[in-house]
Amino acid sequence: MLSALFRKHAAPAPPAPPSGSPAPPDTEGSPDTAGSSDTTGSPDTTGCQVVDGAAVIHARPTDPAGWVAEHRDTLLDLVAEHGALTVRGLGPRTPADVEALLHRLADRPAIEREAFAARDVHAEGVYSSSVWPPNQPMCMHHELSYATRCPGLLLFACLRPPTEGGATAVADSAAVLRTLPAELTDRFEREGWLLTRTYHDEIGATLTQSFGTEDRGAVEAYCRAGDIDWSWQPDGSLRTRQHRPAVVRHPVSGVRCWFNQIAFLNEWTMAPEVREFLVEEYGPDGLPFNTRYGNGDPVPRSAVEQINKAYEAHTVRRPWTAGDLMVVDNIRTAHSREAYEGPREVLVAMGNPVHPHSARPEHSAPRSGRAAV
């Protein structure tokens, strides 16, 4: 039934590489501002900026990784300033291309643990998009904001755009925090938030996909190290509960950011028919994931709607074109995936792991003016 929508499907075959140069970049709107005709949201200069990679070097890049290595400092400075950056016309075509880009931009790959949906693993730190029904949007979130260690830098590379929809939209988390009503943010700042999960074999990522092992002892060791409460259920499933801050300071700029997955992983964000099916199948306490206030109280539908409304007010969205690369500061900037039609192959690469709740990078501090993203 609906559970089949959440299982991992074979990735579509990539398109045959075009002969000659990569496809020309989209020329709609201004190439270096956020206020182009295919964006919505905040009118200020925050949000994802766009760079025409071909125009910068006056020729279409034939070596994407080499071009990124040459312009690394400029690209990371733009990400530090704006939170996200799209390079059009760069032309990555394969997972190996994306892995090469990751190694040019990030100090080291970040390994995903505690995934909430299945992915294909292409290389260390390089993954397919999460398996999610194409007709249902993936709401705004920060990658692994519920984990004690998460990627500071995300790369999204479009190998094949969908025929309609499917944008990876972004939103400035500091602006979202300023927009949310104080009575909502004050409580979450005082109490934090809880994520509850039940790992079923039929729904979402399996235990092995999330933890990289099926050994119970290893899973329990991970939970102890990650400050996660766990219990094994009579049917063999795992139920976990973890308490996290809702607001963190950026590890470099110190800017306060609304950094969590309170709305995305809440039951009221699910499509009504999906929620009804899951509650009927597993009970209200056995949902694959749900969020609560830090003291355990349910988060009401009205609070989830307020959070999503604040995200929408600061959302910047542009359609994908083949060969686009988006670089995202995972602490500063939330991202989403919109519903789509047709085949869509957008890979994600994760790098520069950080400990977001202690606001410190995993390795040495960056040079001044560069975000440890």
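Me: Before we start, what does "buried" mean here?
Reply: A residue is buried when its relative accessible area is under 20%. This is a predicted model, by the way. Take C257: its relative accessibility is 0%, so C257 counts as buried. C139 is buried too, with a relative accessible area of 18%.

Me: Okay, on to rings. How is a pair of aromatic rings described?
Reply: You look at the distance of the centres and the angle of the planes. This structure holds eight aromatic pairs. In one of them, F116 and F289, the ring centres are 6.2 Å apart and the planes stand at 80 degrees, so we call the pair edge-to-face.

Me: Where do F116 and F289 lie along the chain?
Reply: F116 is in the loop between helix 4 (95-105) and strand 3 (121-123), while F289 is in strand 14 (residues 289-293). The pair therefore ties together parts that are 173 residues apart in sequence. Both F116 and F289 are buried.

Me: Is F211 buried or exposed? And what about Y222?
Reply: F211 has 6% relative accessibility, so it counts as buried. Y222 is partly exposed, with a relative accessible area of 26%.

Me: Which residues form an aromatic cluster?
Reply: F116, W132, F264 and F289 form one. Let's zoom in on F264, which is in the loop between strand 13 (256-258) and helix 9 (272-282). F264 is buried, at a relative accessible area of 4%.

Me: What is F264 in contact with?
Reply: If you leave aside neighbours within four places in sequence, F264 is in contact with F116, W132, M138, C139, M140, H141 and T269.

Me: Last one: where do charged residues sit over rings?
Reply: The idea is to find the charged end of a Lys or Arg over the face of a ring. Here R187 lies over the face of Y293, at 3.7 Å from the ring centre. Over the ring of W268 you'll find the charged end of R275, 4.1 Å from the centre.

Key
Residues numbered from 1 in each chain as written. Predicted model: local features only at pLDDT ≥ 70, side-chain atom pairs only at ≥ 80, totals over all residues. Heavy atoms only, no water. Phe/Tyr/Trp six-rings, centres within 6.5 Å; stacked < 30°, edge-to-face > 60°. Helix = DSSP H or I, 4+ residues; strand = E, 2+ residues; numbered from the N terminus. Buried < 20%, exposed > 50% of the residue type's maximum accessible area, 1.4 Å probe, protein only. Lys NZ or Arg CZ within 6 Å of the ring centre and 35° of its normal. Contact = heavy atoms within 4.5 Å.
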